Amino acid sequence: MDRTFLMVKPRAVRDGLTGEILAALEQGGFRIVGLASRKLSVEEAHVFYDVHVGKPFFGALVEFVTSGMTVGVMLEAPDAVMALRAFIGATDPAKAKPGSIRGKYGKSMTENAVHASDAPARVKHESAFHFGDCPRTLAG
Ligand code: CDP
Ligand code: MG
């Protein structure tokens, strides 16, 4: 059993989809072990998305991800990182499988519903803004 990090992005939070997304994750076999809402600052978004600095979509992405509340979720499952990436579907909701989280709840390429860490080494980096050094977890 290992852990990964998911973030419900501001559009899905604004649209009132957080509860449905959390339910889908639980029904999909992921156990919620941490939950925290937070509005990211522009500086935090630059660190969160450090791998995308300089790309053409970076400015719009930072503007979007800092536009409102996000909900950070720590999840536990076998092979959690890869299993969650498969479960959320492709980045572009138009290309994501209809039953996947991004396929069901995403509005556009930029305003897709959720972020998920794509490698175990990224989980700590990306979860730091919601959980920091003092993890507010439900189950250790
Ligand atoms: O989120 P994921 O890891 O699937 O995709 P990414 O390539 O790491 O890109 C991070 C985020 O940037 C995406 O989830 C989109 O919100 C946004 N993006 C975009 O707006 N336009 C692109 N061409 C690529 C990504
Ligand atoms: Mg990514």
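The tour starts at the ligand and then moves on to the pocket.

Before clicking, know that this is a predicted model, where local features need pLDDT of at least 70, side-chain atom pairs count only at pLDDT 80 or more, and totals for chains, interfaces and linings use all residues. Residues are numbered from 1 along each chain as its sequence is written, chains are lettered from A and ligands numbered from 1 in the order written, and side-chain values use heavy atoms, with hydrogens and water left out.

**Stop 1: the ligand's neighbours.** Select ligand 1 and show what is near it (a heavy atom within 4 Å). Its surroundings include Lys 9, Arg 85, Arg 102 and Asn 112.

Stop 2: Now look for polar contacts (pairs of N or O atoms within 3.5 Å). Pick Thr 110: a polar side-chain atom there is 2.7 Å from an oxygen atom of ligand 1. For His 52, a polar side-chain atom sits 2.8 Å from a ligand 1 oxygen. At Met 109, look at the backbone instead: an N or O atom there lies 3.3 Å from an oxygen of ligand 1. Taken alone, ligand 1 exposes 500 Å², and the protein buries 80% of that (Shrake-Rupley method, 1.4 Å probe).

Stop 3: Hide the ligand. What volume does the largest pocket have? About 420 Å³, as the space filled by probe spheres set on the grid points. A pocket here is an open set of points on a 1 Å grid over the protein atoms alone, where a 1.4 Å probe fits, with protein on both sides within 12 Å along at least five of seven lines; lining residues have an atom within 4 Å of a point. Of its 18 lining residues, those closest to the centre are Tyr 49, His 52, Phe 57, Leu 61 and Thr 91.

Key. A polar contact is a pair of N or O atoms within 3.5 Å; within protein, one must be able to donate a hydrogen and the other to accept it, and residues adjacent in sequence count only if both atoms are side-chain atoms.
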